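Hi,

Here is the structure I promised to pass along. Have a look at it first, and my notes follow below.

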Amino acid sequence: MNPIVLQIAEVMIFVLGSSAVFLLNTNSRWSKYGAIVGLLSEPFWFLSAWASESWGIFAVSFIYTLSYIMGVYNFWFRKTKKKGKK
């Protein structure tokens with residue numbers, strides 16, 4: 001695989017992955033964007049793991065992808081009950 005592509009993937013993993021973790025842990029209105037940013041980082045994880053034949057990282061990327069999908073669902077699509085209303 002082209003080394004430039006792998007370098008770009010590593011930069012994107014750093015930028016998107018660390019941003020996702022930061023956003024998910026801010027406990028603010030920005031938290032909901034963390035799952036989306038994390039999901040955007042996953043193709044780069046898969047690419048990097050595939051190219052380096054790191055099968056453990058490749059496998060755990062599926063778990064992270066499912067976790068981020070759950071986060072997107074919970075933050076953006078799941079209806080929550082308002083406090084004080086039945």
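In which kind of crossing does H1 pass H2? The crossing is left-handed, meaning that the near helix is turned anticlockwise from the far one by less than a right angle (clockwise would be right-handed).

Before the rest, a word on the basis: this is a predicted model, where local features need pLDDT of at least 70, side-chain atom pairs count only at pLDDT 80 or more, and totals for chains, interfaces and linings use all residues. Residues are numbered from 1 along each chain as its sequence is written, and side-chain values use heavy atoms, with hydrogens and water left out.

Helix H1 covers residues 3-24 and helix H2 residues 31-52 (helices are DSSP runs of H or I, at least four residues, numbered from the N terminus). They pack at an angle of about 150°, with axes 7 Å apart (axes are lines fitted to C-alpha atoms over the stretch in contact, and angles run from 0 to 180 degrees between N-to-C directions). That makes H1 roughly antiparallel to H2 (over 145 degrees).

Now to two residues in these helices. Ser 41 is found in H2 and is buried, at a relative accessible area of 1% (buried is under 20%, with a 1.4 Å probe and protein chains only). A polar atom of the Ser 41 side chain lies 2.6 Å from the backbone oxygen of Gly 38. Gly 17, in H1, is also buried, at 13%. Leaving aside residues within four places in sequence, Gly 17 touches Met 12 and Ser 41 (heavy atoms within 4.5 Å).

Best wishes

Note on methods. Parallel < 35°, antiparallel > 145°, perpendicular 65-115°, else oblique. Buried < 20%, exposed > 50% of the residue type's maximum accessible area, 1.4 Å probe, protein only. Polar contact = N/O pair within 3.5 Å; in protein donor to acceptor, adjacent residues only side chain to side chain.
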